Structure formats: structure tokens, C-alpha cells
Amino acid sequence: MRNAFERQDAARTPPASRLRSYQLWYSPCMSEPGDNQPILSVVFYATSAGNEPVREWLLGLATDDHRAVGFDIKTAQYGWPLGMPLIRKLEPGLWEVRSRIGNGIARVLFTVDGDTMVLLHGFVKKSQKTPAADLDTAKRRLADLRKG
């Protein structure tokens with residue numbers, strides 16, 4: 001026989017069927033139950049020297065921060081197109097993934113070319129507005145990507 005605490009705890013626990021339906025509803029990336037194919041493939045922008053600035057920036061973050069940004073990029077990959085609060089369009093052909101991390105707010109600026117998400121620039125935001133230098137870096141890399 002259950003004591004009063006066990007009965008109370010059982011009453012607060014939703015049935016497993018309700019949990020599954022919630023998870024399916026919350027996953028905008030799944031077009032059909034069980035379908036787990038990404039909508040976009042993700043690549044890092046590479047300089048002419050072969051460096052991948054966003055990958056290097058990500059690896060320089062703390063493990064928990066790296067994981068949070070990666071999770072948000074993966075959410076965008078599987079759920080594209082998404083809007084606020086995760087994705088914000090900055091200008092034609094340029095979006096940002098918005099991630100909360102331990103010491104602030106991380107941003108990864110990207111473009112979409114066909115079915116490929118190209119990660120152009122990453123930074124930790126310290127002010128309300130996107131810094132002009134970071135936006136210019138992403139625009140320069142986007143122009144380089146389009147001409148090359």
C-alpha cells in the first residue's frame with residue numbers, strides 16, 4: 001500500500017504517453033514521427049589558408065558553453081526555418097543563432113546556401129547591439145564565400 005507521499009508524487013507525474021506527445025510537439029525539426037533527418041547540413045567557413053574561425057572560437061569556449069552553442073546550432077539545423085528567440089535575421093542572406101552561455105550571450109552568424117548552413121563568425125556579445133566589427137567580419141566572409 002502506498003503512503004500519502006507516494007500517492008501525491010504519483011499524481012504529479014504525467015503519464016508517459018503525455019510526455020511523448022509533448023516531446024514530439026516540441027521538436028519542430030521532425031516532419032513525421034521518427035523522422036530525424038536534418039533539414040540543413042552544417043559546414044564551417046574556411047579561409048583561403050584553411051583555417052576555420054568559428055570552429056576555433058567554439059573550441060576556445062568552456063565545455064558547457066560549447067555544448068550550449070552546439071545544441072542551438074543543431075536545433076537550427078533540424079528545425080530550419082526558425083525564428084525568434086533562437087534565430088534572428090540580420091539582413092538578406094545573414095542570420096544569427098542566439099545562445100545563452102555562462103558569461104553572457106553567444107552569437108554565431110551564418111548564411112544558408114541551398115541546403116547548407118555555413119557558419120561565418122562567432123563571438124560573445126557584450127552589448128545590446130551586434131558590434132559593427134563582428135557584423136563586418138561576417139559580411140566580408142559571406143562576400144568571400146559568394147565570389148569563391
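This is a predicted model: local features need pLDDT of at least 70, side-chain atom pairs count only at pLDDT 80 or more; totals for chains, interfaces and linings use all residues.
The protein chain comprises five helices and five strands. Along the sequence, these elements follow the pattern α-α-β-α-α-β-β-β-β-α. Of the 148 residues of the chain, 33% count as buried. Among contacts between residues at least 6 apart in sequence, 47% join residues at least 24 apart.

The five strands form an open sheet with the order β1-β5-β4-β3-β2 and mixed pairing. Strands β1 and β2 stand at the edges, and each has a single partner strand, so one side of each is left without a neighbour in the sheet. From one strand to the next, the twist averages 35°. Strands of a sheet pair through backbone hydrogen bonds, in either a parallel or an antiparallel manner. In this model, β4 and β5 run antiparallel and are joined by nine bridges. Within this part of the sheet, Arg 107 stands opposite Phe 123 in β5.

Helix α4 touches β1, β2, β3, β4 and β5, and its direction makes about 140° with that of β3. Helix α5, which spans residues 132–147, touches β2, β3, β4 and β5, and its direction makes about 160° with that of β5.

Helix α4 covers residues 63–79, a run of 17 residues. The distance from its first C-alpha to its last is 24 Å, close to the 24 Å expected at 1.5 Å a residue. The buried residues of α4 are Asp 65, Val 69, Asp 72, Ile 73, Ala 76, Gln 77, Tyr 78 and Gly 79. These buried residues pack against β1 (41–44), α3 (53–60), β2 (87–91), β3 (94–101), β4 (104–113) and β5 (116–125). Tyr 78, which lies in helix α4, has a relative accessible area of 18%. This value is under the 20% limit for burial, and Tyr 78 is therefore counted as buried. Although Tyr 78 and Pro 38 are 40 residues apart in sequence, their C-alpha atoms are 4.5 Å apart in space.

In helix α3, the buried residues are Pro 53, Val 54, Trp 57 and Leu 58. Viewed down the axis of α3, these residues fall within an arc of 135°, so they line one face of the helix. Leu 59 and Gly 60, on the other side of α3, are exposed. The buried residues of α3 pack against β1, α4, β4, β5 and α5.

In soluble globular proteins, nonpolar side chains tend to be buried together. The largest nonpolar core of this model has 20 residues. Those with the most contacts inside this core are Trp 57, Val 69, Ile 87, Val 97, Val 108, Phe 110 and Met 117. At least two residues of the core are supplied by each of α3, α4, β3, β4 and β5. When neighbours within four places in sequence are left aside, Val 97 is in contact with Asp 72, Ile 73, Leu 86, Ile 87, Ala 106, Arg 107, Val 108, Phe 110 and Met 117.

Note on methods:
Residues are numbered from 1 along each chain as its sequence is written. Side-chain values use heavy atoms; hydrogens and water are left out. Helices (H or I, at least four residues) and strands (E, at least two) are DSSP runs, numbered from the N terminus. The expected span of a helix is 1.5 Å times one less than its number of residues. Buried means under 20% relative accessible area, exposed over 50%, partly exposed in between (1.4 Å probe, protein chains only). Contact means heavy atoms within 4.5 Å. Two strands pair if DSSP finds at least two bridges between them. Axes are lines fitted to C-alpha atoms, for helices over the stretch in contact, and angles run from 0 to 180 degrees between N-to-C directions. A nonpolar core is a set of buried Ala, Val, Leu, Ile, Met, Phe, Trp, Tyr and Cys residues joined through side-chain atoms within 4.5 Å. The arc is that of the directions from the helix axis to the C-beta atoms.
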